[in-house]
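Keep the structure open and follow along.

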Amino acid sequence: MRINSKVSFISQGAIIASLYVALTHVSNLLGLASGAIQIRLSEALTILPVFTPSAIPGLFIGCLISNLTTGCIPWDIVGGSCATLLGALGTYALRKCPYAGSVPPVIANVVIVPFVLAYAYGFEGTIPYFMLTVGIGEIICCSVLGTMLMTALRRYNGIRWAK
């Protein structure tokens, strides 16, 4: 039985978006999803563009919905979602070097999110300080947890990803 590739692409993107939202809400319930140091478990999913391009819209839409439903302000909704989109595009571009795939989401968030924290939310602190704290959270989620997720998924070579 042959599955339509467009249906597969949309389905995988939707699943990734829903996983991103669910994991963000878990992080939010634990008090980890916002603030200077953010540990969004959902950011581990930013490694998925290594496997499939359907992760790019899935991550973007998942972040957008998460930011809308967790009480973020408009600048954070736009800025955070764009950072996730840029990170996902960068990860997809580095898919041939999968262990470097966690770097673009870290960089995108370290460059964009500190300005949102400082200027949109008015948090006390400097941009370099926020770059450090956001970077720590992103390294934990994207690099450590994301690489663990990628290693686990590579064991299942039979998974059919949308191309």
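This is a predicted model: local features need pLDDT of at least 70, side-chain atom pairs count only at pLDDT 80 or more; totals for chains, interfaces and linings use all residues.

A search of the whole structure for disulfides (pairs of cysteine sulfur atoms within 2.5 Å) turns up 0. Take Cys82: it is in no disulfide, and the nearest cysteine sulfur, that of Cys63, sits 9.1 Å away. Cys82 is partly exposed, at a relative accessible area of 33%. On that scale, buried means under 20% relative accessible area, exposed means over 50%, and partly exposed is in between, using a 1.4 Å probe and protein chains only.

Residues are numbered from 1 along each chain as its sequence is written, and side-chain values use heavy atoms, with hydrogens and water left out.

Now for the helices, which are DSSP runs of H or I with at least four residues, numbered from the N terminus. Find Ala17 in helix H1, residues 5-29. Ala17 is buried, with a relative accessible area of 8%. What does Ala17 touch, leaving aside its neighbours within four places in sequence? Counting a contact as heavy atoms within 4.5 Å, the partners are Gly58, Ile61 and Gly62.

Next, hop over to Thr84 in helix H3, which covers residues 74-93. Thr84 is buried too, at 3%. Setting aside neighbours within four places in sequence, Thr84 is in contact with Tyr20, Glu43, Leu59, Phe60 and Cys63.

Finally, look at how helix H4 (residues 103-120) packs on helix H5 (residues 127-154): the angle is about 140 degrees and the axes are 8 Å apart. Axes here are lines fitted to C-alpha atoms over the stretch in contact, and angles run from 0 to 180 degrees between N-to-C directions. That makes H4 oblique to H5, since angles under 35 degrees count as roughly parallel, over 145 as roughly antiparallel, 65 to 115 as roughly perpendicular and the rest as oblique. Among the residues that meet are Val106, Val110 and Phe115 in H4, and Phe130, Met131 and Glu138 in H5.

Definitions and conventions:
Helices (H or I, at least four residues) and strands (E, at least two) are DSSP runs, numbered from the N terminus.
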